[in-house]
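Trainee: Please take a single part of this model and go through it closely. I would like the cut-offs stated along the way.

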Amino acid sequence: MVIQAHHHSHAINYNIQKTLASLLIAIVGCSLGFVCFLFKKLRSQHYLLPALLFSASAASMHYLGMAAIVNAGDMSVSTTDIILSLAVIFITSLIMLRFTHMMLVMTSRNDIYANFYRLGATLTLSSGVAIMHFLGSCQINMASIPSSAMPSSQDDYIESIITMTLTGLVALVFLLAIFIWFVNFKEHLSNEQLKRELIKKNLMLKQMTQHDSLTQLPNRLYLQKHLNTLFTHQTDPLFIMFIDLDGFKRVNDVWGHAVGDELLVKISHTIKESVSNEGFVARIGGDEFITVICQKDKDVVIQLAQKLLSKIAGSYELSATTVDFISASIGISIYPEHGNDVATLLKKADVAMYYIKNRGKKSITFYDEIEMSLPS
């Protein structure tokens, strides 16, 4: 078709054997190129071997196709144009293979950008082939041949029909490729939207299963996972504070559970703000909270616990009333001094909390193996 675009004084015909041979070389060479590309060992060294096969196939198809011209007369192509055409098809083959590789990677991840790499690979290869053809034939000198050797008007008509048919087929293939790309693009958009919705739903489900629905603090399940994670690489002592509210039952009994829930939300914010980045806060049920502190200095932990007692014992403005009689009792266990597993540490902190609650409330104490005993 590139030859047809040139101005020449006579119609041109082709040797069918050489033409078919150029087509066969293109099919076999490109197939081998894709085989080399698909095998990781063969596509090493920056896709050099598959790119060489692709470019060699395209160049062979072009120049063998030129040799298939029967009545070309004195036809010649400059060496510079040949070298440039070979360089162009080789470089564009490398770029096309890179785009194709990225397309495969993105497709395996169900990424929407896979379609853009697919389009880039298509445009790069088609542009490279077109530039190679024009460079390889832009300065062809096709000398005139005697009029007796020129084909008849019927031959010109047949040649025009063949050219138009080939042009139509190329345009049809190009439009089909664009259509397939567009369909795949829409499908990837739909898949990407579905993927994001699933991720959002999974995050919501994870939030529901690992966080308290009322206060949005981590729940007991999250606390256990967090502690087990800390145990695997923790070097400093861990202080587990078991916080239980004093007087909370009165709020539920007098004003109802809705007001009690409102109070729990406010107290959870108070505990979270007091601990800040110094530790981890969770609600394990009812009016019970857990705070985990990683600290070498025991006095620092005591100061933080006293700060919590002071903050919790404040006044709370609620929708139905003002509550100013809430306090807290805090029992503390230490990892690894009091145990190496979550259940034991929580139980001992719980025992310490009830020990101090039964002796006056609104105070803190550490678990003591002598004074305190675990329930059988």
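Mentor: Contact here means heavy atoms within 4.5 Å. By that criterion, and leaving aside its neighbours within four places in sequence, Leu263 touches Phe248, Val251, Tyr316, Leu318, Val323 and Ile326. This is a predicted model, in which local features need pLDDT of at least 70 and side-chain atom pairs count only at pLDDT 80 or more, whereas totals for chains, interfaces and linings use all residues. Residues are numbered from 1 along each chain as its sequence is written, and side-chain values use heavy atoms, with hydrogens and water left out.

Leu263 belongs to the largest nonpolar core, which has 32 residues. Such a core is a set of buried Ala, Val, Leu, Ile, Met, Phe, Trp, Tyr and Cys residues joined through side-chain atoms within 4.5 Å; buried means under 20% relative accessible area (1.4 Å probe, protein chains only). Alongside Leu263, the residues with the most contacts inside this core are Met241, Ile271 and Ile330. At least two core residues come from each of strand 1 (238-246), helix 8 (248-255), helix 9 (257-275), strand 3 (288-294), helix 10 (298-312), strand 6 (327-335) and strand 7 (364-366). These are DSSP runs numbered from the N terminus (helices: H or I, at least four residues; strands: E, at least two).

Five strands make up an open sheet with mixed pairing, in the order 2-3-1-6-7; strands pair if DSSP finds at least two bridges between them. Strand 2 (279-285) and strand 7 are the edges, each pairing on one side only. From one strand to the next the twist averages 20 degrees.

Strand 3 deserves a separate look. Six of its seven residues are buried, so strand 3 is largely enclosed by the rest of the structure. Its antiparallel pairing with strand 2 has six bridges, and Gly285 stands opposite Glu288 of strand 3. The two strands form a hairpin with two residues between them, and Gly286 in the turn has a positive phi of about 55 degrees. Strand 3 is also joined to strand 1, again antiparallel, by seven bridges. There, Met241 faces Thr291 of strand 3.

Finally, helix 11 (residues 342-357) lies across strand 1, strand 3, strand 6 and strand 7 and runs at about 145 degrees to strand 6. Axes are lines fitted to C-alpha atoms (for helices, over the stretch in contact), and angles run from 0 to 180 degrees between N-to-C directions.

Methods. Buried < 20%, exposed > 50% of the residue type's maximum accessible area, 1.4 Å probe, protein only.
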